[in-house]
Amino acid sequence: MRISRRTFATAVVTAALLPLTACGSGNDSSSGDASGKIQGDITFQTWNLRANFKPYFESLIADFEHQYPGTHVKWVDQPAENYADKISAEAAGGTLPDVVNVSPDLAAPLAKAGLALNLDKDKAAAKYQGEYLPGAWSSTDIPGLPGTWAFPWYLNTGPLFYNKALFKKAGLNPDQPPKTYPELFKDGLQIARKTDGKVATLSNVPAIEDFGRYGVQLMNKEGTGFAFNDAKGVELLTKYKELYDAKALDPQALTATPESAGQKFLTGAVAMNPGSALDLKNFKTQAPSLYKNIGITDQITNTGHVNMYVMGLLVNSQSKQKPAAVAFAHFVTDAKNQMSFAKKVAIFPSTAGSLDDPYFTKEDGTDETRVRVAAAKSLKTAVNYTPVLFSDQMKTALQQEVAKALQGKESPKQALDNAVKACDQLLKQG
């Protein structure tokens, strides 16, 4: 997977579920014992990382082979396009690598098919649990099939930028941006009212992670159906409908892309927008007046926990060299190597205590550290809200129904009922 502006979030949330979901419900091989001598040849597959990080991974592999004589790691890197299809074909053909770079939604069907080692039940792997942030370790937990199906690797999240000048112009305290959804709705309506609808507060419709941050139960406990059409979910969509009608939600939000939303924020047509350090640099050169008035705050949440995006390393339960595969997956994701990787690219380690490093806690006056420190602080208690069983098709179904509700073609309740029905059907078809 390419790590660049917004690509991490987009790839994790939109990657399609593998068609392997229906191939089983896990088996004993997924919880086998990986204890034993660490030796032999294993294959390690990454997701579009060779082009930018070849020296890093070659050095990493050499260090592992030096630490464990008698091991050999073959590194295979797959392009970003059709990565899910590639894993599906490997799994079906019995050629799934020993260690595979996955997002939670890609781990789920492999776990259901019995092809992912359950780290919670494996003696050699379970001992490492305490080394990782709790939210990261549990990010691959599947409703109805509890367990940890991949070592947490790198994380990401994004702070929220806001235009202090627009807040002040609307009579709001520019140093007290909204933190919760009720505060967001209140401030958003005031900004729209004070600017005669010329300035929206948001430029994106609610996605599944918004329902999660609002406190909506996304699935039933059994993992057999979705539940975001409950009273709390309807309440959230109803509030967004009020924003849309008042022009506090940008009129083009129904078709907005991250780029178009960013442009709206850049020109002062939108008061708040998620972003990265790269955006700050762009503001500085392209919109100096915005840059002087930029504010940085956490994502909006009612739960007190922001959303995180997670990448992990899955161990093939059928690996002939399971001890070496577990050892390598842990080696790549241990605190030392995650910190090294984080200093090469704008991601964050999933290991406990790493985010307390001065690299993530001390600003030096640069745009990069302003965003890094803000994001790292929120990641300590972050949650991966997107259900591991939520596919790209399900995302589209929810988007379409949300759009109908905002346009007044359906009530929020009917729209979410329809979205849940469509998602449940897709879940069964999986």
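**The sheet and a helix pair**

A: Let's start with a strand pair: Y162 stands opposite M272 in β6.

Q: Which strand pairs with β6, and over how many bridges?
A: Strand β5 (residues 160–163) pairs with β6 in the antiparallel sense over three bridges. Two strands pair if DSSP finds at least two bridges between them. Strands (E, at least two residues) and helices (H or I, at least four) are DSSP runs, numbered from the N terminus.

Q: What's the strand order in that open sheet?
A: The order is β6-β5-β7, with antiparallel pairing. β6 (272–274) and β7 (294–297) each have a single partner strand, so one side of each is left without a neighbour in the sheet.

Q: Is this predicted or experimental, and what should I know about the numbering?
A: This is a predicted model, where local features need pLDDT of at least 70, side-chain atom pairs count only at pLDDT 80 or more, and totals for chains, interfaces and linings use all residues. Residues are numbered from 1 along each chain as its sequence is written, and side-chain values use heavy atoms, leaving out hydrogens and water.

Q: What pLDDT does the protein average?
A: The average is 90, and 92% of the residues score at least 70; pLDDT is the predictor's confidence in each residue, from 0 to 100. Over residues 1–31 the pLDDT is below 50. Where pLDDT is low, the predicted coordinates should not be read in detail.

Q: New topic: how far apart are the axes of α18 and α19?
A: The axes of α18 (residues 392–406) and α19 (residues 412–429) are 9 Å apart. Axes are lines fitted to C-alpha atoms, for helices over the stretch in contact (heavy atoms within 4.5 Å).

Terms used
Axes are lines fitted to C-alpha atoms, for helices over the stretch in contact, and angles run from 0 to 180 degrees between N-to-C directions.
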